[in-house]
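User: I would like to go through the labels assigned to this model and see what each of them rests on. Please set the values against the cut-offs.

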Amino acid sequence: LLLTGIFERVTTDPKASAIRGLLADAQFDTEFATAFRDYIARRREVCLNILRRAVERKEIKKTANLELIADLIYGPYWYRLLVGHAELSGTFAKELVKTILAGVK
């Protein structure tokens with residue numbers, strides 16, 4: 001599961017947790033912000049490709065807004081990563097995907 005891997009890595013790899021600092025830097029350095037958004041866009045495209053395949057397998061409605069679904073997936077990641085009100089875990093990743101899929105099937 002893509003999210004499980006992302007969540008576990010960012011919570012266990014000390015280097016991966018530096019992403020908070022990178023996001024902060026992107027707020028003040030427009031050149032870096034562009035590069036950071038490009039990096040995020042590539043990661044988002046991986047997610048969108050997974051969603052497109054789910055549409056092909058009829059796991060998601062053809063009319064579903066895949067961009068919005070990607071936002072629903074990544075929004076809680078960024079929120080929990082930046083605010084730290086709750087952990088990012090494999091269990092959370094699975095529950096998140098289950099909840100989103102329930103709404104788009």
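Predicted model: local features only at pLDDT ≥ 70, side-chain atom pairs only at ≥ 80, totals over all residues.

User: How many aromatic pairs does a search of the whole structure find?

Analyst: The search gives 5 aromatic pairs. One of them joins F7 and Y77, with 5.8 Å centre to centre and 5° between the planes.

User: Why is the pair of F7 and F92 stacked?

Analyst: The ring centres of F7 and F92 are 5.7 Å apart and the planes are at 15°, so this pair is stacked as well. F7 is in helix α1 and F92 in helix α5 (residues 90-104), so the pair ties together parts 85 residues apart in sequence. F92 is buried, as is F7.

User: Which residues form the aromatic cluster?

Analyst: One aromatic cluster is formed by F7, F32, F36, Y77, W78 and F92.

User: How do you know that R80 lies over the face of F92?

Analyst: The charge has to be within 6 Å of the ring centre and within 35 degrees of the ring normal. R80 is at 3.5 Å from the ring centre of F92, and it is assigned to the face of that ring.

User: Why does T4 count as buried?

Analyst: Buried means under 20% relative accessible area. T4 has 13% relative accessibility, so T4 counts as buried. T4 is in helix α1, and beyond its neighbours within four places in sequence it is in contact with G90, A93 and K94.

User: Why is A86 called partly exposed?

Analyst: The relative accessible area of A86 is 26%. Partly exposed lies between the 20% limit for buried and the 50% limit for exposed, so A86 at 26% is partly exposed. A86 is in the loop between α4 and α5.

User: Which residues have the most contacts inside the largest nonpolar core?

Analyst: They are L51, I60, I69 and Y77, in a core of 29 residues. The elements giving two or more residues to this core are α1, α2 (19-26), α3 (30-56), α4 and α5, and α4 gives the most, with 8 residues. Y77 touches I6, F7, V10, I19 and L88, not counting residues up to four places away in sequence. In soluble globular proteins, nonpolar side chains tend to be buried together.

User: How does the reach of α3 compare with the span expected at 1.5 Å a residue?

Analyst: α3 has 27 residues, and from its first C-alpha to its last it reaches 38 Å, close to the expected 39 Å. The buried residues of α3 include A33, F36, R44 and L51, and the cover over the buried residues of α3 includes α1, α2 and α4.

User: What makes D29 a cap of the N-terminal end of α3?

Analyst: A side-chain oxygen of D29 lies 3.1 Å from the backbone nitrogen of E31. After α3 comes K58, whose phi is positive, near 65°.

Conventions: Residues numbered from 1 in each chain as written. Heavy atoms only, no water. Phe/Tyr/Trp six-rings, centres within 6.5 Å; stacked < 30°, edge-to-face > 60°. Helix = DSSP H or I, 4+ residues; strand = E, 2+ residues; numbered from the N terminus. Buried < 20%, exposed > 50% of the residue type's maximum accessible area, 1.4 Å probe, protein only. Core = buried A, V, L, I, M, F, W, Y, C linked by side-chain atoms within 4.5 Å. Contact = heavy atoms within 4.5 Å. Expected span 1.5 Å × (residues − 1). Polar contact = N/O pair within 3.5 Å; in protein donor to acceptor, adjacent residues only side chain to side chain.
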